[in-house]
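This report describes a ligand site, a helix and several individual residues. The sequence and structure are shown first.

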Amino acid sequence: MRISEKPLAARLKELGVELRPGVSMTEKTSLGIGGTTDELVLRRFDTIPQVMRLLAEEKIPHRFLGGGTNVLIDDGELSWVVLHLPTSQPGMRIEGNAAIVDAAADLGGMVTFCAKHDLGGMEGLIGVPGSVGGALRMNAGAYGTQIGSYVREVELYRAATGEIETVRGNDIRFDYRHTSFAPDDVMLRVKLELPAKPFKEILAGIRVCNEKRRSSQPLNQKSAGCIFKNPAGGSAGRMIDELGLKGHGAGDAKVSDRHANFFINAGNASCADMLRLIDDVRERVHSAYGVELENEVIVWKN
Ligand code: EPU
């Protein structure tokens, strides 16, 4: 989708939006997969309601991209523009036991920032790639920690009202890789309340989690983390592994040799390759175990 109309581009600019024409989503996603579209960087929070109104009036379909680490984007020319919050120098500050962090901040960067201020609890999240906003929306978790446990307040743009609102943590449901946010809510900023802990202790916890992750996950290959959610009481990775599917592929999309719930782009995989592999593995798990695996990765089809 291209914003070729000059007056619209000028109005967006007035609202603090930077228009980047023809951006390949291979560069914006950890899977290195995805077609091309215009990217709009929203440099001012206060104008977001106006920007969204303008896009609606002009009938420009759009989707909000966070860190791009848990999304599988379609191939070719995309039929929507991608909106983005600026990632350089996102705001992070500490007030007592609370951390107030912009959604565009890197999740790991936030964990270490808090650690340096002797605020812990989130050690398990250290190696989870992605933005704070994406982690919030999905309730990212690892090694017994989930971000939702620490959320006191979220500032978001609510598409349903067209306004920026502040929602209390108690009014948000955080479940396993699922939250009660509406699909079109846009995370802007979060306030987390964290337990006080000495930096050295937090660092020791971080090292343990890093080591576990390094030994079990393919960290230096292109992936979106786990492809499927774990079924209740089970492990998707273990089931796929037991079926001997490590290394199994469709084109350049492969099941990782290291962790069977990580699917890798081993070269120039397309979205179609990855979807074929996902369907194939889902069917094999279903016929062997009678379990229907649900995607953890978010799929953006054209
Ligand atoms: N296993 C195998 N073969 C494999 C992979 C795993 O036998 O190829 C076995 C392991 O030996 C272990 C069990 O399956 O006994 C569970 O594996 P693991 O500890 O790696 O955890 P997981 O359930 O596969 C979950 C999260 C990860 C998170 C880890 C650590 C989901 C879908 N996955 O993985 O999150 O990093 O626990 O807490 O909830 C993600 O969300 O993208 C993600 C990777």
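## Basis of the description

Helices and strands are DSSP runs, a helix having at least four residues and a strand at least two, and they are numbered from the N terminus. Strand E18, residues 262–265, is one such run, and Asn265 belongs to it. The model is predicted.

## The ligand site

The shell around the ligand consists of 20 residues, and Tyr143, Tyr176, Asn230, Arg238 and Glu296 are the closest. By class, seven of the shell residues are nonpolar, seven are polar and six are charged.

For Tyr176, an N or O atom of the side chain is 2.7 Å from an oxygen atom of the ligand. The corresponding distance for the side chain of His259 is 2.9 Å, and a polar side-chain atom of Lys246 is found 3.3 Å from a ligand oxygen. On its own the ligand has 830 Å² of accessible area, of which the protein covers 73%. Two or more shell residues come from each of strand E15 (222–226) and helix H6 (236–242). Helix H6 contributes the most, with three residues.

## Helix H3 and its buried side

Helix H3 spans residues 107–116, and its buried residues are Leu107, Gly108, Met110, Val111, Cys114 and Ala115. These residues lie on the same side of H3, because the arc they cover around the axis is only 160°. Among the elements that cover them are strands E6 (92–95), E7 (98–102) and E14 (186–193), together with helices H4 (132–138) and H5 (199–216).

At the start of H3, a side-chain oxygen of Asp106 comes within 3.3 Å of the backbone nitrogen of Gly108. After the helix comes Asp118, which has a positive phi near 60°.

## Residues with positive phi

Most residues other than glycine have a negative phi. Asn139 has a positive phi, near 50°. Asn139 sits in the loop that links H4 to strand E8 (141–142). Its relative accessibility is 1%, so Asn139 counts as buried.

Tyr143 likewise has a positive phi near 50°, and its position is the loop between E8 and strand E9 (145–146). Because its relative accessibility is 33%, Tyr143 counts as partly exposed. Tyr143 is also among the closest residues to the ligand.

## Buried loop residues

Is Phe181 buried or exposed? With a relative accessible area of 8%, under the 20% cut-off, Phe181 is buried. Phe181 occupies the loop between strand E13 (178–179) and E14. Leaving aside residues up to four places away in sequence, Phe181 touches Leu136, Arg137, Val154, Leu156, Ile172, Phe174 and Met187. Leu136 is 45 residues from Phe181 along the chain, and their C-alpha atoms are 9.3 Å apart.

Ser131 lies in the loop between H3 and H4 and, at 9% relative accessibility, counts as buried. Apart from residues up to four places away in sequence, its contacts are Gly66, Gly67, Ala103, Ala104, Ala105 and Leu107. Leu107 is also one of the buried residues of H3.

Thr47 is found in the loop between strand E2 (36–42) and helix H2 (48–57). Its relative accessible area is 4%, so Thr47 is buried. A polar atom of the Thr47 side chain lies 2.8 Å from the backbone oxygen of Leu15. Between Thr47 and Val167, which are 120 residues apart in sequence, the C-alpha to C-alpha distance is 19 Å.

Which residues does Asn265 touch, not counting residues up to four places away in sequence? They are Leu31, Gly32, Ile33, Lys222, Asp252 and Met274. With Gly32 there is also a polar approach: a polar atom of the Asn265 side chain lies 3.4 Å from the backbone oxygen of Gly32. Asn265 counts as buried because its relative accessibility is 6%.

Methods
Residues are numbered from 1 along each chain as its sequence is written. This is a predicted model: local features need pLDDT of at least 70, side-chain atom pairs count only at pLDDT 80 or more; totals for chains, interfaces and linings use all residues. Side-chain values use heavy atoms; hydrogens and water are left out. A residue is near a molecule or strand if one of its heavy atoms lies within 4 Å of it. A polar contact is a pair of N or O atoms within 3.5 Å; within protein, one must be able to donate a hydrogen and the other to accept it, and residues adjacent in sequence count only if both atoms are side-chain atoms. Accessible areas come from the Shrake-Rupley method with a 1.4 Å probe; for residues, only the protein chains shown count as cover. Ala, Val, Leu, Ile, Met, Phe, Trp, Tyr, Cys and Pro count as nonpolar, Asp, Glu, Lys and Arg as charged, and the others, Gly among them, as polar. Buried means under 20% relative accessible area, exposed over 50%, partly exposed in between (1.4 Å probe, protein chains only). The arc is that of the directions from the helix axis to the C-beta atoms. Contact means heavy atoms within 4.5 Å.
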